Amino acid sequence: MKKRIKKHSRYTAVVLLILMLFAFSLKSCNRRVDNASVHVFYYTYSDTYISSVRSALGKKLAESGITYQDYDGNGSQTTQTEQIQTAITKGAKVIVVNIVNTGSDDAANEIISLAKNAGIPVIFFNREVSNAVISSYDKCAFVGTRAEEAGILQGEMIGEYLLSNYDKVDLNKDGKISYILFKGEEGNNEAIYRTKYSVEEADKLLEKNGKPKLEFYDSGNPNKYLVDRNGQWSASSANEYMTTALTSYSVDHGNMIELVICNNDGMAEGAISALNAAGFNLGGTGVGIPVFGVDATDAAKDLISKGRMTGTIKQDAEGMADAILKLTVNAQKDPSDLLSGMDGYTVDSEAAKIRIAYAKYLGR
């Protein structure tokens, strides 16, 4: 009988210990969130590239011993601004913002005003805000890319690919390349410049080598692009557009879309899914329509390795997270000197904006 009691007591003690550890873990987790010094606001968790930045930044902040809390704006500026107000009330020491609304300075100026009143630094990233916004507050900086660079590199990559594969890409043998272009968002600099330069730079190379300019597949569309109406740069939006387009523009009709240009890899994935459903881009020896994106996400790299996607432009999530981390450390040490120790980065002369370079990715 004593053995049974002793055994039962040991079992009870183990259970109690596990419960105590679990409770401590929950308490630690809650303390980390409630007392976070750095609050990071993402325009949406659903964006594939933003998810990679979030993962990289979260890991780097944790490894540096910095407590933080993430927020999902879910594509709503109203939601994000309310989240920022709450975080400041809770005692945020630094706010890091992937702003939702890039169409005007209104939202960014409101965020700056909230931060100024609280005397805390603001680090904007990825989705660009104007020089005027950054320069309006001495405890503010931006980490991002040069919006035009992705479009220029993508256009060069498209032009180079077409010059090496022109006859294969020209399915109806009319001597021209018919393209469709998916734009992520109206009013967003990255989307504007990727849309503009991807075609312009490709045309430059083609004309230089005696080939005609690219021709948008739908002559009735004056914009020469299809935009995600929700501004989410989504695979579902591109898939819907591509599926619809393929019902009227096909090999059978002699007017097949011969090139797909996407502002990001998520939209490229959606377009490829539609092409797959129509029997294209299945890899191997079947007919493939060249598809180009931006971001070099893991999913895009996988599609390229399988011969279902042609190329993408690498947007360095790790590099962006590194720069944000360094600014965050500086912001906690001396908010008036955010750019301390950032000599290895390219910094604009007009405003405190750090630029992370793009690079071509063809999987080779």
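This is a predicted model: local features need pLDDT of at least 70, side-chain atom pairs count only at pLDDT 80 or more; totals for chains, interfaces and linings use all residues.

Visitor: Which helix gives the most to the lining of the largest pocket, and how do the lining residues divide by class?

Guide: Helix α6, spanning residues 147–169, gives the most, with 5 residues. By class, the lining has 12 nonpolar, 8 polar and 4 charged residues.

Visitor: How much space lies in the second largest pocket, and which residues are closest to its centre?

Guide: The second largest pocket contains about 300 Å³ of space. It is lined by 16 residues, with S52, A296, T297, D298 and A317 closest to the centre. At least two lining residues come from each of α2 (48–63), α10 (298–305), β11 (312–315) and α11 (317–333). The most come from α2, which supplies 5. This lining divides into 5 nonpolar, 5 polar and 6 charged residues.

Visitor: A pocket is open, whereas a cavity is a space from which the probe cannot get out. How many cavities of 30 Å³ or more are counted here?

Guide: The count is 1 cavity. The largest cavity has a volume of about 140 Å³. Among its 13 lining residues, D47, N126, R194, W233 and Q315 are closest to the centre. Two or more lining residues are given by α2 and by α7 (189–208). The classes in this lining are 4 nonpolar, 4 polar and 5 charged.

Visitor: Let us turn to the nonpolar cores. How many residues has the largest one, and which have the most contacts inside it?

Guide: The largest nonpolar core has 50 residues, and F182, L214, M242 and V260 have the most contacts inside it. Helix α6 gives the most to this core, with 7 residues. Beyond its neighbours within four places in sequence, F182 is in contact with residues including L226, Y241, M242, V260 and C262. Another core, of 34 residues, lies apart from the largest one and includes V96, V100, A141 and Y345.

Visitor: Where is T102 found, and is T102 buried or exposed?

Guide: T102 is found in the loop between β3 (94–97) and α4 (106–118). Its relative accessibility is 14%, so T102 counts as buried. Residues up to four places away in sequence aside, T102 touches R127, E128, E185, G187 and N188.

Visitor: Finally, what is a disulfide, and how many does a search of the whole structure find?

Guide: A disulfide is a covalent bond between the sulfur atoms of two cysteines. The search of the whole structure finds 0 disulfides. As for individual cysteines, C140 is buried because its relative accessible area is 4%, and C262 counts as buried at 0%.

How values were computed: Residues are numbered from 1 along each chain as its sequence is written. Side-chain values use heavy atoms; hydrogens and water are left out. Helices (H or I, at least four residues) and strands (E, at least two) are DSSP runs, numbered from the N terminus. Ala, Val, Leu, Ile, Met, Phe, Trp, Tyr, Cys and Pro count as nonpolar, Asp, Glu, Lys and Arg as charged, and the others, Gly among them, as polar. On a 1 Å grid over the protein atoms alone, a cavity is a set of points where a 1.4 Å probe fits but cannot get out, and a pocket is an open set with protein on both sides within 12 Å along at least five of seven lines; lining residues have an atom within 4 Å of a point. Grid points are joined across faces, edges and corners, and a volume is the space filled by probe spheres set on the points. A nonpolar core is a set of buried Ala, Val, Leu, Ile, Met, Phe, Trp, Tyr and Cys residues joined through side-chain atoms within 4.5 Å. Buried means under 20% relative accessible area, exposed over 50%, partly exposed in between (1.4 Å probe, protein chains only). Contact means heavy atoms within 4.5 Å. A disulfide is a pair of cysteine sulfur atoms within 2.5 Å.
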